[in-house]
Amino acid sequence: MDDLSLRHGGSVFAGLVGASQVLGLVSVVLTGVWMGHYRGGFAWDGSAHEFNLHPLCMVLGLIFLHGDAILVYRVFCNEAKKHVKLLHGIIHLLALIISIIGVVAVFDFHRAAKIPDMYSLHSWCGVATLIFFCLQWVLGLLFFLFPVASSWLRATYLPIHVFCGLTLLVMAIGTSLLGITEKLLFSITDTYSLFAPEGVLANMLGILLLFYGVLLVYLITREEYRRPPNPEEESLSVHFKNLTEGGVPTTP
């Protein structure tokens, strides 16, 4: 019975992870179709085509890759933790680079078109999310990938790091929903209320991003999907507990 439950739980988990990847990839594709087909494509010349890189980079970087970087701890639960940490950090670094390109693109476009910067709620939330994302990556690097902090500090910061990672994902999705609405109101004000195809596509994109976020939060917060500690991690945990509680650490 236990084996059957484990197999069933594993298949449900695999299905949920697969669904999250479909939602994320379709969101990236829809963003590309929106900017490529309805907004004229992509360029790096200060024109509106350069702006089109902004939504694509932010959805790909701050949402899809960010979510996948968090998910690796659930998917690769039986791999060596140092390898999973490295993968986690690399995917987050890639997400950060892509997101910075997206932010540079929108500022470059604003400068060329003489459009004011940082006046909308979307821009405030976006810059705050990117700044905290950078800080989260640097702290993760220092605390976990190349730890310079003590075991006590790492153990104290770990739940904060996990909470901030999910919070940043929620912030990124919320900021994207604001951006989608803002872009539609700027671009198709007269036809948006008439269910113009571009508006319907962008609304669908927003719904997919919302579902992606909900599914990721569910996968990360479910206790049964947490990474089980391996013997090495358990011995380190016992060693740390003995140190913090004043006992004598036992030999593993």
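## A tour of the helices, ring pairs and salt bridges

Start by selecting D108, which counts as buried because its relative accessibility is 19% and the cut-off for buried is under 20%. The model on screen is a predicted one.

**Stop 1: D108 and its partner.** The side chains of D108 and R111 meet in a salt bridge, with N to O at 2.6 Å. Both residues sit in helix α4, which covers residues 81–113. They are three residues apart, about one turn of that helix. R111 has a relative accessible area of 56%, so R111 is exposed, whereas D108 counts as buried at 19%.

**Stop 2: the whole chain.** Zoom out and colour by secondary structure. The protein chain has nine helices and zero strands, and its pattern along the sequence reads α-α-α-α-α-α-α-α-α. Of its 252 residues, 39% count as buried. For contacts between residues at least 6 apart in sequence, 71% join residues at least 24 apart.

**Stop 3: R39 and E198.** The count of salt bridges comes to four. For one of them, select R39 and E198, whose side chains meet with N to O at 2.9 Å. R39 counts as partly exposed at 25% relative accessibility.

**Stop 4: R226 and E223.** Next, select R226 together with E223. The two form a salt bridge in which the closest N and O atoms are 3.7 Å apart. E223 counts as exposed, with 58% relative accessibility. R226, at 45%, counts as partly exposed.

**Stop 5: F64 and Y212.** Now turn to the rings. The count of aromatic pairs comes to six. Select F64 and Y212: their ring centres are 6.2 Å apart and their planes stand at 50 degrees, so the pair is tilted. Why does this pair tie together parts that are 148 residues apart in sequence? The reason is that F64 lies in helix α3 (residues 53–75) and Y212 in helix α8 (residues 197–221). Hide the surface to see them clearly, as both F64 and Y212 are buried.

**Stop 6: F144 and Y157.** Move on to F144 and Y157. This aromatic pair is stacked, at 5.9 Å centre to centre with 20 degrees between the planes. F144 belongs to helix α5 (residues 121–145) and Y157 to helix α6 (residues 151–187), so the pair ties together parts that are 13 residues apart in sequence. Both F144 and Y157 are buried.

**Stop 7: the ring cluster.** Ring pairs link F143, F144 and Y157 into a cluster.

Note on methods
Residues numbered from 1 in each chain as written. Predicted model: local features only at pLDDT ≥ 70, side-chain atom pairs only at ≥ 80, totals over all residues. Heavy atoms only, no water. Phe/Tyr/Trp six-rings, centres within 6.5 Å; stacked < 30°, edge-to-face > 60°. Helix = DSSP H or I, 4+ residues; strand = E, 2+ residues; numbered from the N terminus. Buried < 20%, exposed > 50% of the residue type's maximum accessible area, 1.4 Å probe, protein only. Contact = heavy atoms within 4.5 Å.
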